[in-house]
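Subject: Structure handover

Hello,

Here is the structure I promised to pass on. Please open it first, then read my notes below.

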Amino acid sequence: MTKLKLGPIPENKPVKLTVELPAELHRDLIAYGEILGRKAGEGPIEPKKLVVPMLERFIATDRGFAKARRSEVSHGP
């Protein structure tokens, strides 16, 4: 089966997020949630539950951001 970048989505307190997405991106989030849910043996995962883990994963794997952040911490503002 296809390996996805996200694993199981932990149950967290809901956080309200208001954002406008292009329709195509919303369709992609719906499809991703369906595939991830199926892979976990569950039902579809709502797009709003995917946003935070996706952003966390993106930031955690962005080497340029990590380097810039380390540089700011060591050099100060």
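Lys 48 pairs with Glu 46 in a salt bridge. Their closest N and O atoms are 3.9 Å apart. How exposed are the two partners? Lys 48 has a relative accessible area of 59%, so it counts as exposed. Glu 46 has 42%, so it is partly exposed. The cut-off for exposed is over 50%.

One caution before the rest: this is a predicted model. The chain's average pLDDT is 87. A score of at least 70 is reached by 94% of the residues. Which helix has the highest confidence, and which the lowest? Helix α1 is highest, at a mean of 96. Helix α3, residues 63-75, is lowest, at 83.

Next, the surface patches.

- Positive charge: Lys 3, Lys 5, Lys 39 and Arg 57 gather in a patch on the surface. Lys 5 sits in the segment before α1, the helix that spans 23-39. With a relative accessible area of 64%, Lys 5 is exposed.
- Nonpolar: Val 19, Leu 21 and Leu 25 form a patch on the surface. Together they have about 240 Å² of accessible area. Val 19 belongs to the segment before α1.

Two further residues in that segment deserve a look.

Pro 8 lies before α1. Its relative accessibility is 76%, so Pro 8 counts as exposed.

Lys 13 is exposed, at 74% relative accessibility. Its C-alpha atom is 20 Å from that of Ala 40. Along the chain, Lys 13 and Ala 40 are 27 residues apart.

Last, helix α3. Ser 71 has its place there. Is Ser 71 exposed or partly exposed? Its relative accessible area is 34%, so Ser 71 is partly exposed. From Ser 71 to Glu 34, the C-alpha separation is 39 Å. The two are 37 residues apart along the chain. Keep in mind that α3 is the part where confidence is lowest, at a mean of 83.

Best wishes

Key:
Residues numbered from 1 in each chain as written. Predicted model: local features only at pLDDT ≥ 70, side-chain atom pairs only at ≥ 80, totals over all residues. Heavy atoms only, no water. Patch = residues over 30% accessible without salt bridge, like charges linked within 9 Å, V, L, I, M, F, W, Y side chains within 5 Å. Areas by Shrake-Rupley, 256 points an atom, 1.4 Å probe, with all protein chains shown as cover. Salt bridge = Lys/Arg side-chain N within 4 Å of Asp/Glu carboxyl O. Lys, Arg positive; Asp, Glu negative; His and termini not counted. Charge placed at Lys NZ, Arg CZ, Asp CG, Glu CD. Helix = DSSP H or I, 4+ residues; strand = E, 2+ residues; numbered from the N terminus. Buried < 20%, exposed > 50% of the residue type's maximum accessible area, 1.4 Å probe, protein only. pLDDT = per-residue confidence, 0-100.
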